[in-house]
Amino acid sequence: MGDVGLMQEIYRFHRDNCRALLPTSRRKKENFLEKVRERVDYYKPRIEERCRVSLGNVKVKDNKIWLSDHVYDRAWNQAIEVAWDEGRIPTKKDFYGSFATFSILEALMIGPIGLFNVVRGADFRQHNNIIYTPFNLANRIMDVGFEERAKRLDYGVVHELSHVLWKKILGRDEGGYFGEGRKWFEGFATYCADCHFEDFYPVGTKKMTDLLKVYSDGKKRIGGRLQNMVRKFF
Ligand SMILES: [Zn+2]
């Protein structure tokens, strides 16, 4: 067997036995993203009507671009803030300076964050009204065709839209990545997806039950307080 034949053999072996190790095709990703968008179009108006608040334009993107969107967004804001603090209008130089710093930061972060995503295999992540959908190795292992993930789609989309709602209610994008802040942030979305918007789900919708402790603890914390906290909206 020549080299080409050997390569074909290896490829066939991978295709048949290790499908999870091969990257997800663009078409398959787009199909899945379309499904997520459909669910957003279904739940967003219902949540808005119930809470009498506009969630704005909610986009759905491949997670690959999450980091640069996030980093450049912060660089942009920082450039404005720095100039503002100095009592002047920001110039091109401010933006160039800020973007240069944040590009280095992005390069440093792409390692650990990429790794974190691969290991964690989260279904979604939300930032700035964008629902990022990852297609990492961890998402493919045991669920190559995303069949399991599709079953959790409704629950996941309502959870992410609840993060958008939280931001609208607070009036700012409250960091929710660490410690107590994360408990409030995830607790609110978990409470909403489990209880407050429960009647929006079509019959038979699967909820996620094997949640991390920070989600279930946060949910308990939110539960009793929700009416007082956000009386205006609920
Ligand atoms: Zn969340």
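Predicted model: local features only at pLDDT ≥ 70, side-chain atom pairs only at ≥ 80, totals over all residues.
Local features were taken at pLDDT of at least 70 and side-chain atom pairs only at pLDDT 80 or more, whereas totals for chains, interfaces and linings use all residues. Residues are numbered from 1 along each chain as its sequence is written.

The chain has 9 helices and 3 strands. These elements are DSSP runs numbered from the N terminus (helices: H or I, at least four residues; strands: E, at least two). From the N terminus on, their order is α-α-β-α-α-β-β-α-α-α-α-α. Of the 234 residues, 24% count as buried. Burial requires 20 or more other C-beta atoms within 10 Å of the residue's own, with C-beta atoms placed from the backbone; 12 or fewer is exposed, and values in between are partly exposed. Among contacts (C-beta atoms, placed from the backbone, within 7 Å) between residues at least 6 apart in sequence, 72% join residues at least 24 apart.

The 3 strands form an open sheet in the order β1-β3-β2, with mixed pairing. Pairing requires at least two DSSP bridges between strands. β1 (59-62) and β2 (125-127) are edge strands with a single partner each, so one side of each lacks a neighbour in the sheet. The twist averages 30° from one strand to the next. β1 and β3 pair in the parallel sense over 4 bridges. Lys59 stands opposite Ile130 in β3. α2 lies across β1 and β3, at about 160° to β1. Axes are lines fitted to C-alpha atoms, for helices over the stretch in contact; angles run from 0 to 180 degrees between N-to-C directions.

The largest nonpolar core has 25 residues. Such a core is a set of buried Ala, Val, Leu, Ile, Met, Phe, Trp, Tyr and Cys residues joined through C-beta atoms within 7 Å. Val40, Val158, Leu161, Phe188 and Cys192 have the most contacts inside the core. α2 (26-51), β3 (130-133), α7 and α8 (179-196) each give two or more residues to this core. α7 gives the most, with 7 residues. Val158 touches Tyr43, Cys192, Ala193, Phe197 and Phe200, not counting residues up to four places away in sequence.

In α7 (residues 153-170), 13 of the 18 residues are buried, so the helix is largely enclosed by the rest of the structure. The expected span is 1.5 Å times one less than the number of residues. Gly171 follows α7, with a positive phi near 80°. Buried residues of α8 include Phe185, Phe188, Tyr191 and Cys192.

Conventions. Contact = placed C-beta atoms within 7 Å.
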